[in-house]
Amino acid sequence: MPTRVVVLGAGFGGLELTSLLSEAFGDAIDVVLIDKAESFVFGFSKLDVMFGRERPADAHHPYRDIVKPGVRFVRSLVRSIDPVAKRTVTDAGTFDADILVVALGADLHPSATPGLVEGGNEFYTVAGAETLREVLPRFERGPAIVGVTGKTFKCPPAPSEAALLLHDYLVARGRREATEIALVMPFGKPIPPSPETSEAILAAFAERGIRFVGDRLVTALDPARKVAMLDDGTEMPYALFLGVPVHRVPKVVQESGLVDDAWVAVDKKTLATRFPGVYAVGDVNGVGTPKAGVFAEGAARVVAAAIVAQLRGGAPPEAYAGAGSCYIEFGDERVGRVDVNFLGGPKPTGTFQAPSDALVEEKIRFGSSRARRWFGREWSAKG
């Protein structure tokens with residue numbers, strides 16, 4: 001029987017891993033990709049949907065479009081994971097694997113922040129972004145806060161992007177002079193590994209009158225008084241709150257015994273867990289890189305190469321470097337880029353590429369190329 005690889009989660013990591021295995025082995029390998037969702041949505045598309053730059057339907061890439069030799073997609077909820085037996089129980093049945101890859105991402109918990117569900121909004125889920133698409137046109141005046149509620153969250157540039165794009169949105173509606181915008185983040189700088197990128201973002205904030213509140217978290221909202229409470233005991237009034245919810249490892253992963261502290265423990269060089277034949281890639285692990293798709297994709301390449309080496313023989317892949325590039329929306333239809341490396345040296349480093357028309361086009365190509373590679377469809381990511 002062919003080797004069976006079961007991949008849990010069809011985000012950046014799961015999609016890239018299964019694509020690579022299909023390219024390497026075709027029908028000679030049995031790859032099962034499992035996800036509870038019907039479709040994939042790029043993280044940056046949530047901002048585009050939220051601010052009316054992309055229709056919600058256009059942001060979805062249906063998993064039914066995955067047609068790759070050797071790969072079978074199963075839409076189902078994962079109920080339990082046994083990393084010793086490499087067995088996964090789902091609503092669609094039980095799957096035993098020769099190699100198991102956990103790529104279930106991070107779950108979002110708006111209810112973990114008191115008052116957020118009742119008195120605020122979040123923009124990190126597809127549903128939240130689609131709801132804000134209807135909420136934002138009704139916002140007329142008063143303080144607007146983009147607030148982070150947990151120390152670990154996906155796509156570190158996204159809160160800064162949201163603040164800058166909110167500025168543009170309100171200017172276009174003629175409401176900017178009636179509002180104040182503030183960003184609350186748990187970092188002292190917007191992008192800690194890259195001082196140059198942080199300086200560029202802070203300069204953009206200063207130019208637009210956006211207040212940056214660093215080294216702080218929003219711990220609760222009081223909807224009755226319309227105030228956000230911070231972790232130092234201070235309060236900030238708001239008329240509009242755009243929240244980044246608390247992120248946690250999925251419950252099914254927590255219950256599996258794979259988690260060490262808050263996230264799945266892996267070898268930083270190989271992404272292997274302490275269980276033989278079991279890997280974890282992407283947001284679900286605690287490797288030390290940001291929780292962003294580009295890092296999950298890079299980790300998937302390392303794991304795919306390791307599987308190829310195991311099944312065909314040959315040298316193992318080079319160690320995972322934790323390197324990737326993130327595009328940053330600066331507003332005014334301008335896009336910059338930060339290139340970061342978290343594991344390749346003694347400390348994380350980052351270099352900044354200033355906003356340019358070339359980077360607008362590059363970001364579009366980034367999304368379009370993945371849609372074509374993973375789903376076989378032509379799609380133009382909005383810049």
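**Helix packing and a pocket**

Tutor: Helix 1 and helix 9 come out oblique to each other. Keep in mind that this is a predicted model.

Student: OK, so at what angle do helix 1 and helix 9 pack?

Tutor: Angles under 35 degrees would count as roughly parallel, and 65 to 115 as roughly perpendicular. Helix 1 covers residues 12-25 and helix 9 covers residues 357-375, with axes 10 Å apart. Their crossing is left-handed. The packing angle is about 55°.

Student: Who's touching whom there, and how many residues in the contact of helix 1 with helix 9 are nonpolar?

Tutor: On the helix 1 side you've got Phe12, Leu15, Glu16, Ser19, Leu20 and Glu23, and these meet Phe366, Arg373, Trp374 and Phe375 of helix 9. Sorted by class, the contact has one polar and three charged residues, and the nonpolar ones number six.

Student: What about helix 2 and helix 4: are they roughly parallel or roughly antiparallel?

Tutor: Residues 43-50 form helix 2 and residues 126-135 form helix 4, and their axes sit 7 Å apart at an angle of about 20°. Since angles under 35 degrees count that way, helix 2 and helix 4 are roughly parallel.

Student: How many charged residues are in the contact of helix 2 with helix 4?

Tutor: Helix 2 brings Lys46, Asp48, Val49 and Met50, while helix 4 brings Val126, Ala129, Glu130, Leu132 and Arg133. No polar residues turn up in this contact, but there are five nonpolar ones. The charged count is four.

Student: And helix 5 with helix 6: is that crossing left-handed or right-handed?

Tutor: Helix 5 (residues 158-173) packs on helix 6 (residues 195-208) at about 25°, with the axes 11 Å apart. That angle makes the two roughly parallel. The handedness of their crossing is left-handed.

Student: Switching to pockets, which residues lie nearest the centre of the second largest pocket?

Tutor: The space in this pocket comes to about 390 Å³. Its lining takes in 23 residues. Those nearest the centre are Pro156, Thr289, Pro290, Lys291 and Phe342.

Student: How many nonpolar residues are in the lining of the second largest pocket?

Tutor: Two of the lining residues are charged and five are polar. The nonpolar count is 16.

Conventions
Residues are numbered from 1 along each chain as its sequence is written. This is a predicted model: local features need pLDDT of at least 70, side-chain atom pairs count only at pLDDT 80 or more; totals for chains, interfaces and linings use all residues. Side-chain values use heavy atoms; hydrogens and water are left out. On a 1 Å grid over the protein atoms alone, a cavity is a set of points where a 1.4 Å probe fits but cannot get out, and a pocket is an open set with protein on both sides within 12 Å along at least five of seven lines; lining residues have an atom within 4 Å of a point. Grid points are joined across faces, edges and corners, and a volume is the space filled by probe spheres set on the points. Ala, Val, Leu, Ile, Met, Phe, Trp, Tyr, Cys and Pro count as nonpolar, Asp, Glu, Lys and Arg as charged, and the others, Gly among them, as polar. Axes are lines fitted to C-alpha atoms, for helices over the stretch in contact, and angles run from 0 to 180 degrees between N-to-C directions. Helices (H or I, at least four residues) and strands (E, at least two) are DSSP runs, numbered from the N terminus. Angles under 35 degrees count as roughly parallel, over 145 as roughly antiparallel, 65 to 115 as roughly perpendicular and the rest as oblique. Contact means heavy atoms within 4.5 Å. A crossing is left-handed if the near helix is turned anticlockwise from the far one by less than a right angle, and right-handed if clockwise.
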